[in-house]
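Morning, everyone. I'll keep this short. Please look at the structure first.

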Amino acid sequence: MLNQYLGNYLLNHNLVDRDILISLLDENKKAHVKLGVLAIDSNLMTAKQVSEVHEMQKRFDKKFGELAVEKDYLKEADVDYLLNQQKLNSIQLSQLLIDHKVFSLEQLEEVLHAYRKENNFTDEQYRLMQKGDLNKILESMIQSQCDPLHIGKTQEYYDYVKLFLRNFVRFIDHQPLIADSNGKMFLEDAEDVIVASQEIYGTYNMVIYLIMKRETFIDFASHYSKMKINKRDELAEASVAEFLNLNNGLFTINMSEEGNPIMLKPPTILDEVDDLVLGSLIQIPIITGIGKLVLAIKPQ
Amino acid sequence: MSGKKVLLCDDSMLIRVQLKNFLNNHIEGVTILEAANGRVAIDIYKKEKPNLVLMDIVMPETDGLQCLKEIIDMDKDAKVIVLSSVGNKEILKETLKIGAINFIQKPWEEEPLSKTIQPYI
């Protein structure tokens with residue numbers, strides 16, 4: 001899961017000229033992504049190993065994958081995995097950087113290493129919140145609540161919830177736990193809840209709701225803004241809304257990487273969620289160090 | 001005293017407060033202008049001609065892309081840096097093609113932001 005698209009990273013670190021980046025992003029024909037670049041991008045081979053296999057290809061009439069497996073640089077399963085990665089946007093960009101000689105393989109390897117270091121969520125952040133079999137609990141919760149019309153999208157909903165939990169650990173609190181409970185009952189009653197909401201549209205259409213009691217909302221706002229917030233005011237609302245906006249923005253990057261572009265509408269703050277809507281939501285009740293909250297997804 | 005003007009365009013009060021604090025701490029004598037949506041930003045730009053614009057994308061009424069287009073149409077030399085959470089390939093490409101000079105992915109950090117805005121203020 002990414003914090004930043006590779007193109008953005010290159011621009012911000014002045015690694016690529018702005019005009020060159022525009023022309024690379026603009027290339028309409030899909031770059032034929034070579035296995036060597038895929039292998040470097042996935043950290044499965046070094047640039048030196050890739051160059052070695054390229055040299056071997058000049059002498060032997062064999063495919064890259066075959067030779068890499070023979071040299072024990074890759075397993076067969078790795079080759080299959082790499083071929084599945086071909087459509088990712090950042091990989092396309094990596095290949096274009098090589099094709100247009102912006103970077104050598106060694107330079108690309110160095111850049112990608114630094115990019116991954118700066119932009120992947122750390123395992124530490126995720127490990128802190130793993131109690132019990134979190135993945136299985138989430139999968140089962142989403143499957144059981146998803147209506148038949150949207151059952152084909154459960155992987156995306158699952159990816160969304162995992163991203164949310166990682167960002168929650170990153171910005172708010174280290175100890176979120178998934179509760180085994182109905183969302184409405186979990187919050188005990190619907191009185192005095194505040195809801196942050198944002199619509200996502202494009203290849204996937206859904207509305208995200210973050211539902212919590214007033215005290216939790218204020219604490220959440222304080223944690224995210226790193227400011228002292230004591231009441232529900234414009235700053236508190238802006239803080240919670242901005243967390244949701246940030247999380248969903250990162251979701252757009254990850255979806256775009258998979259060739260599924262989506263976009264956001266501005267977030268809003270509501271005082272309730274209609275019972276009818278609540279009934280149709282995929283609800284993930286979460287116990288946190290600042291109180292209970294419900295992350296809910298309304299597929300559309 | 002810098003005598004420079006920076007226009008902040010973001011519908012989030014939190015972001016505007018954070019950016020204001022950052023700019024006041026880093027640039028002496030800067031004048032900070034604020035807009036909570038693109039339409040207001042365009043009106044302010046016409047009147048004030050700021051040295052630099054920090055622009056969000058996802059905003060109500062007039063969004064950042066439309067606002068960016070109108071500002072660049074009005075002033076080919078406008079210096080606009082996009083500051084947004086939606087840093088995917090499609091939005092990055094479009095904002096740079098329209099004429100943004102840079103794109104900073106939220107959450108922004110002080111040191112990289114400071115380095116990025118330095119040449120324009």
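Start with contacts, meaning heavy atoms within 4.5 Å. In chain B, take those between residues at least 6 apart in sequence: 66% join residues at least 24 apart.

Some ground rules. This is a predicted model, where local features need pLDDT of at least 70, side-chain atom pairs count only at pLDDT 80 or more, and totals for chains, interfaces and linings use all residues. Residues are numbered from 1 along each chain as its sequence is written, chains are lettered from A and ligands numbered from 1 in the order written, and side-chain values use heavy atoms, without hydrogens or water.

Now the fold elements. Chain B has five helices and five strands. From the N terminus, the order is β-α-β-α-β-α-β-α-β-α. These are DSSP runs: helices are H or I, at least four residues, and strands are E, at least two.

What about overall dimensions? The C-alpha atoms of chain B fill a box of roughly 35 × 30 × 25 Å along the principal axes. Of its 121 residues, 58% count as buried, which is to say under 20% relative accessible area with a 1.4 Å probe, protein chains only.

On to charge. Chain B carries 16 positive and 18 negative side chains, and the centres of the two sets lie 5 Å apart. Lys and Arg count as positive, Asp and Glu as negative; His and the chain ends are left out. Charges are placed at NZ of Lys, CZ of Arg, CG of Asp or CD of Glu.

Last, the ends. Across residues 5-121 of chain B, the end C-alpha atoms lie 8 Å apart. That span is 46% helix and 20% strand.

Definitions and conventions
Buried means under 20% relative accessible area, exposed over 50%, partly exposed in between (1.4 Å probe, protein chains only).
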